[in-house]
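Q: Please take me through this model. I want each label set against its cut-off.

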Amino acid sequence: QGFHYIMARAVPTGFAVPTSGIVEYDLLAATKPTWVDGSGAPGTLTASLAIDFGKTIPKIAMEGRVAMPTGGTGGGAYAFDFATTGGLADIARSQTDLLVYPSGQIGFVVQGRDGLSGCSTTDCTVGFNGSFAGSADKFGVTYSVVNGPDSAKWIVGAAAFKANGNSVVTPPPPATSAMLTSANTYTFADG
């Protein structure tokens, strides 16, 4: 079992995400994901993503894997792969919305699969909740892997992402209204 959290620099007053362009992000750091029920050893997260800020609601393109060395069927290894439609190669096909709030908080859900009979792409997901960290080029999230409609064996973790420099972005115009300047996001899991 584990306790996963992020701490992020507050976004400045008037924060807004870019209004155009695609930003590519690489995994900067991550906690070792853990089974909520403590049934196996901590694992690893690998992931990359891009955000298309040129849409009315920004779209996410993402590919990743949560790999657990134990806790799977018969106590063996377990892998959960996740990706948006089109993956990183074709962000235009993504149907995954990036929900962005005035405080810089974000949320999104990506479909996944583990190759077991109880998990299909319609009932297995990774839910991400977090916040931009001071600007739109960094953010941190906590995540929960839901591996089946009736499964109590969720996997949880936290991760930070940073723009990799392969992006072209138009900054948003300055905001003219008051906004919340800081907020805390907490995700707790109790197995």
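A: Start inside. Met62 touches Ala47, Ser48, Leu49, Phe82, Ala83, Thr84, Gly87, Leu88, Phe108, Val110, Phe128 and Phe161, leaving aside residues up to four places away in sequence. The model is predicted.

Q: What makes these residues count as touching Met62?
A: A contact needs heavy atoms within 4.5 Å. Phe82, Phe108 and Phe128 are among the residues that touch Met62.

Q: Which residues of the largest nonpolar core touch the most other members?
A: Met62, Phe82 and Phe132 do, in a core of 34 residues. Strands S1 (20–30), S3 (44–52), S4 (59–68), S5 (78–83), S8 (105–113), S9 (124–132), S10 (138–147) and S11 (155–163) each supply at least two residues of this core.

Q: Why is Met7 called exposed?
A: Its relative accessibility is 75%. The label exposed needs over 50%, so Met7 qualifies. Met7 lies in the segment before strand S1.

Q: What makes the nonpolar surface patch?
A: Phe3, Tyr5 and Met7 form it, and it covers about 420 Å². A patch residue needs over 30% relative accessible area. Met7, at 75%, therefore passes.

Q: What share of the residues is buried?
A: Buried residues make up 39% of the 191 residues in the protein chain. The accessible surface comes to about 9500 Å², and carbon and sulfur atoms hold 55% of that.

Q: How many helices and strands does the protein chain have?
A: There are 0 helices and 12 strands. Along the sequence the pattern reads β-β-β-β-β-β-β-β-β-β-β-β.

Q: Why are S1 and S11 called paired?
A: Pairing needs at least two bridges. S1 and S11 have 5, so they pair, and they run antiparallel. Ala30 stands opposite Ala159 in S11.

Q: What makes strand S2 (residues 34–35) a partner of S11?
A: 2 bridges join them, in an antiparallel run. The cut-off is at least two, so the pair counts. Trp35 stands opposite Ile155 in S11.

Q: How many bridges join S10 and S11?
A: They pair in the antiparallel sense over 8 bridges. Tyr143 has Gly157 in S11 as its bridge partner.

Q: What share of the contacts with a separation of 6 or more joins residues 24 or more positions apart?
A: In the protein chain, that share is 64%.

How values were computed
Residues are numbered from 1 along each chain as its sequence is written. This is a predicted model: local features need pLDDT of at least 70, side-chain atom pairs count only at pLDDT 80 or more; totals for chains, interfaces and linings use all residues. Side-chain values use heavy atoms; hydrogens and water are left out. Patches are made of residues with over 30% relative accessible area and no salt bridge: like charges are joined within 9 Å, nonpolar side chains (Val, Leu, Ile, Met, Phe, Trp, Tyr) within 5 Å. Accessible areas come from the Shrake-Rupley method with a 1.4 Å probe; for residues, only the protein chains shown count as cover. A salt bridge is a side-chain nitrogen of Lys or Arg within 4 Å of a carboxyl oxygen of Asp or Glu. Helices (H or I, at least four residues) and strands (E, at least two) are DSSP runs, numbered from the N terminus. Buried means under 20% relative accessible area, exposed over 50%, partly exposed in between (1.4 Å probe, protein chains only). A nonpolar core is a set of buried Ala, Val, Leu, Ile, Met, Phe, Trp, Tyr and Cys residues joined through side-chain atoms within 4.5 Å.
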